[in-house]
Amino acid sequence: MMRTGKQILACAVLACALAFAAAVQPAAAALAAVEEGAPAPAARTIPVAPVDPGSTAGRIVLGVADWLEQRLGSGSQDVRLALDAPMWAEERDGTYILHLPGARLVEPSVPLVQWALGDLAVAVKPQGETTYDFETTLPPVIDKGEERLTIGEGTVSGTWRSDLEVTTRLEASATNLRLSKGEGAAAVEAVSVGAITLADEVAEGSDGLWDGLFSFALSDLAGESFHLGRLEASGSFEDFDRDLALHMHGDFGALTGGMGGPTALADLLTPLMDSHWGRSEMTIALHDLTATGDDAGLGNGGTLSLGRLEWHVDLDGRAELTDLATRIAAADLRLGGAAAAEIPPALMPRAATLDIALTRLPVRRIADALSGLAKRDGAAQFGDEPMMEVILDHLDAADSTFEIRDIHIVTRSCEFRAEGRLQVEPASVFGVIGRLDARVRGLSALMALAVAEGEEDVVALLIALQGLGRPVFEEGEDKPAYAFEIDLRRDGAVTVNGIPFDMLPGAPSPQ
């Protein structure tokens with residue numbers, strides 16, 4: 001199942017990439033090459049029909065051909081583009097139609113394995129000296145041996161800026177995607193997708209900084225052992241430097257410098273130090289997910305269902321110190337069979353929320369220090385002791401805080417809720433100081449479960465916690481919740497409602 005999931009993704013990406021690549025190459029770039037006398041590729045593998053290089057159609061088709069040659073022709077070490085006949089273009093009322101007859105993608109190492117895309121056509125309409133609108137239709141069928149991807153309807157459109165060499169607007173949609181294996185009556189549907197939509201746009205503000213937004217949605221993704229009702233992702237950013245905004249928009253690989261070698265971390269951090277990055281936010285949500293069996297990593301007979309999972313991130317880097325907040329919430333979670341064998345049903349979370357915020361983060365200072373550490377000591381991994389020392393020292397100097405806005409876990413028998421604020425303090429035994437306020441409902445049920453499982457130490461600890469807790473009666477509840485004020489002190493002591501934690505039965509010592 002994992003294999004077929006990758007296949008449908010590869011098919012869709014390859015089809016969209018080819019149509020998109022042909023569309024977005026700037027005509028102005030081709031014109032510049034002609035005017036400067038740039039030589040054509042020495043060994044062109046993508047043929048082009050004879051065309052007047054001085055005409056608009058010629059400049060567009062030659063520009064597209066040169067771009068494709070570098071990425072899917074002689075300049076590619078991976079997949080190659082092959083055509084049944086040369087590329088050509090025609091003009092229709094100011095719009096130029098590029099034709100790629102019998103397009104197919106070939107893997108050089110396995111030349112008999114080909115992705116057959118069929119005839120492709122891309123409409124390009126100049127909107128000015130540097131702006132070009134484009135639109136294309138995705139191929140209805142993509143064949144690869146005994147595998148076939150069918151697309152009910154699919155389009156890609158957008159706007160290309162030749163002076164920036166980037167697509168500033170992109171819209172794509174496809175419906176009724178089906179990946180099948182086998183031929184004729186023996187064909188079996190492996191993966192299906194009801195619909196996919198994508199919208200992406202960036203724009204320059206009056207202050208020279210850039211804003212952007214994006215959205216993505218996928219519905220009814222189904223395979224042999226899973227089904228996802230809907231995936232939604234959306235986000236925006238504002239007040240970003242041009243280069244960082246455009247790299248984030250279209251080419252993360254360029255931003256990271258390839259992420260290879262001993263200076264990979266330094267290469268990744270350099271843009272963070274040198275660029276102006278403002279405010280951004282992103283939300284990803286999953287709806288109605290079900291999965292079963294080994295193929296989903298749940299063991300033989302294991303099941304998982306999830307009503308909703310949402311992740312939101314909000315970052316504000318407009319000032320010297322950065323604020324970052326994130327919230328993850330899951331609802332209607334169910335595990336069954338082998339997947340739930342090690343978890344007592346009474347403790348199975350049905351809903352959970354984690355909402356945290358980090359304020360006054362010295363991201364640039366940390367990036368600068370870690371970049372120097374990486375250059376001096378070579379490759380470094382997150383979590384290494386020298387790296388953690390650098391991070392903690394800068395967090396302490398900036399008075400950074402870690403706020404737990406909400407931790408909320410609900411099971412069949414109990415409920416846990418907490419909030420609080422922590423701050424880095426290197427002199428503390430734990431490295432942080434602060435306070436957490438927690439409430440637990442259902443201690444009696446937890447105690448009964450621990451008794452049934454024979455966990456005597458856990459029973460003793462729960463009895464002590466119940467004795468320490470401050471009973472709180474909430475509206476609509478006939479049994480109290482127990483409130484706990486937890487303090488992490490500078491000397492390393494931890495108190496619960498004023499009582500040292502290490503005096504509780506079964507509690508570990510902070511030492």
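Me: What makes glutamate 453 count as exposed?

Reply: Its relative accessible area is 52%, and exposed means over 50%, so glutamate 453 gets the label. Keep in mind that this is a predicted model. Glutamate 453 belongs to helix H9, which covers residues 443-453.

Me: Which residues make up the patch of negative charge on the surface?

Reply: Glu453, Glu455, Glu456 and Asp457 gather there. Asp and Glu count as negative, so the patch is called negative.

Me: Why is glutamate 415 called partly exposed?

Reply: Buried needs under 20% and exposed needs over 50%. Glutamate 415 has 27% relative accessibility, so it falls in between and counts as partly exposed. You'll find glutamate 415 in strand E17, residues 415-424.

Me: What does glutamate 415 touch, leaving aside neighbours within four places in sequence?

Reply: Glutamate 415 is in contact with His408, Ile409, Val410, Arg439, Val440 and Arg441. Take arginine 441: along the chain it is 26 residues from glutamate 415, yet their C-alpha atoms are separated by 5.0 Å.

Me: How do you know that glutamate 107 and lysine 144 form a salt bridge?

Reply: The closest N and O atoms of glutamate 107 and lysine 144 are 3.7 Å apart. The rule asks for a distance within 4 Å, so the pair qualifies. Glutamate 107 sits in strand E3 (residues 95-107) and lysine 144 in strand E6 (residues 141-144), so the bridge ties together parts 37 residues apart in sequence. At 23% relative accessible area, glutamate 107 is partly exposed.

Me: Why do arginine 435 and aspartate 437 count as a salt bridge?

Reply: The closest N and O atoms of arginine 435 and aspartate 437 are 3.2 Å apart; that is within 4 Å, so they count. Arginine 435 has a relative accessible area of 36% and aspartate 437 has 29%, so each is partly exposed. Elsewhere, salt bridges with shared partners join Glu238, Asp316 and Arg318 into one network.

Me: How many salt bridges does the rule give?

Reply: The count comes to 17.

Technical notes: Residues are numbered from 1 along each chain as its sequence is written. This is a predicted model: local features need pLDDT of at least 70, side-chain atom pairs count only at pLDDT 80 or more; totals for chains, interfaces and linings use all residues. Side-chain values use heavy atoms; hydrogens and water are left out. Patches are made of residues with over 30% relative accessible area and no salt bridge: like charges are joined within 9 Å, nonpolar side chains (Val, Leu, Ile, Met, Phe, Trp, Tyr) within 5 Å. Accessible areas come from the Shrake-Rupley method with a 1.4 Å probe; for residues, only the protein chains shown count as cover. A salt bridge is a side-chain nitrogen of Lys or Arg within 4 Å of a carboxyl oxygen of Asp or Glu. The place of a charge is taken as NZ of Lys, CZ of Arg, CG of Asp or CD of Glu. Helices (H or I, at least four residues) and strands (E, at least two) are DSSP runs, numbered from the N terminus. Buried means under 20% relative accessible area, exposed over 50%, partly exposed in between (1.4 Å probe, protein chains only). Contact means heavy atoms within 4.5 Å.
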